[in-house]
Amino acid sequence: MHRITLPDETAFSLDQSLRCGQVFRWEKTGDWWEGVVEREAIRIRQQGRRLTFEGTTPERVRDYFQLDLDLAPILRSIDRDSVIRGALAACSGLRLIKQSPWECLASYICATYANIPGIKKKIALLAENFGDPISHRSGRDRYAFPAVERIAGSDLCDISACRLGYRAPYLCATAQAISRDQGWVTRVHALDYATARRDLMRLAGVGPKVADCVLLFAFQKYEAFPVDVWIARIMQRFYGAPVKGNYEQTGSLGRRYFGQYAGYAQEYLFSDRERILSAKEAA
């Protein structure tokens, strides 16, 4: 077992960060979260300021949860009104997780028009059928997320069997495009947000929302502001987004209002969505 004791100034909640819907390969059993990160099967729990974990290194935990990122100035910059202020209080310690670009991209292609349990099942089936088994101490089978080359070279019917439905040909085509474009991660990292978004949206199955999620969670382009039905409702009720507005209008409003860390605001609002919207309805 490894341990990290967080400094008092490092705000972090493992529960808030893992249960808010940004990653799909984690489950909580008792006090422990169990998940797979690339080729590592990890168990981790938080007790106050202490993180206890196995299956990975302290360096991986710090990088994955971005524990060395100074969260305080980010949250101050988006603390612009009572709605977001309430979300910041309700979801204290939530951090954006630094995800692997290919896995994040593939996961969000699989996530289109699906709920979280369905997304988790699709990704689990992909890993079981195309990923390598991971050695670990628990008795449960664990599999790495399949490499892009494995998906690119697989039969479409086999990929479709993972309950992907219409998403299967998109995932297959995108994997083939990326396998021919080995420098895509470095290129996207180097681009500004708008250009990187256009670059991702040339890929099959990647619309505005998938691109924004991938840029936010895998490329740390924090101005990205993904819009789902929940965020659309919040932006309409509290921030003046038009009721019949489209994705681009709502996302642009979020970026203008919250600034360079709009993506952090989006994640706090999304995580606190039920309380925010129920409070409005009760009023």
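These notebook entries record what I looked up in a predicted model.

**Entry 1. Conventions.** I number residues from 1 along each chain as its sequence is written, and side-chain values use heavy atoms, with hydrogens and water left out. Because the model is predicted, local features need pLDDT of at least 70 and side-chain atom pairs count only at pLDDT 80 or more, while totals for chains, interfaces and linings use all residues.

**Entry 2. The sheet.** I looked up the strand order and found an open sheet of five strands, E1-E5-E4-E3-E2, with antiparallel pairing. Strands E1 (2–5) and E2 (26–29) are the edges, each pairing on one side only. From one strand to the next, the twist averages 25 degrees. For the terms, I note that strands (E, at least two residues) and helices (H or I, at least four) are DSSP runs numbered from the N terminus, and that two strands pair if DSSP finds at least two bridges between them. Axes are lines fitted to C-alpha atoms, for helices over the stretch in contact, and angles between N-to-C directions run from 0 to 180 degrees.

**Entry 3. E3 with E4.** I then followed strand E3 (residues 32–37), which is joined to E4 by five bridges in an antiparallel arrangement. Glu34 faces Arg43 of E4 across this pairing. Two residues lie between the strands of this hairpin, and Glu38 takes a positive phi near 55 degrees.

**Entry 4. E4 with E5.** Five bridges also link E4 (residues 40–47) to E5 (residues 50–54), again antiparallel. I located Arg43 opposite Glu54 in E5 and Ile44 opposite Phe53 in E5. The hairpin of E4 and E5 has two residues between the strands, and Gly48 in its turn has a positive phi of about 65 degrees.

**Entry 5. A surface patch.** Which residues form the nonpolar patch on the surface? I find Tyr113, Tyr166 and Tyr170, with about 420 Å² of accessible area together. Patch residues have over 30% relative accessible area and no salt bridge, with like charges joined within 9 Å and nonpolar side chains (Val, Leu, Ile, Met, Phe, Trp, Tyr) within 5 Å. A salt bridge places a side-chain nitrogen of Lys or Arg within 4 Å of a carboxyl oxygen of Asp or Glu. Areas come from the Shrake-Rupley method with a 1.4 Å probe; for residues, only the protein chains shown count as cover.

**Entry 6. Tyr113.** Tyr113 sits in the loop between helix H5 (101–110) and helix H6 (116–130). Tyr113 counts as exposed because its relative accessibility is 79%; exposed means over 50%, buried under 20%, and partly exposed in between.

**Entry 7. Ala190.** I placed Ala190 in helix H10 (residues 184–190). Its relative accessibility is 68%, so Ala190 counts as exposed.

How values were computed
Buried < 20%, exposed > 50% of the residue type's maximum accessible area, 1.4 Å probe, protein only.
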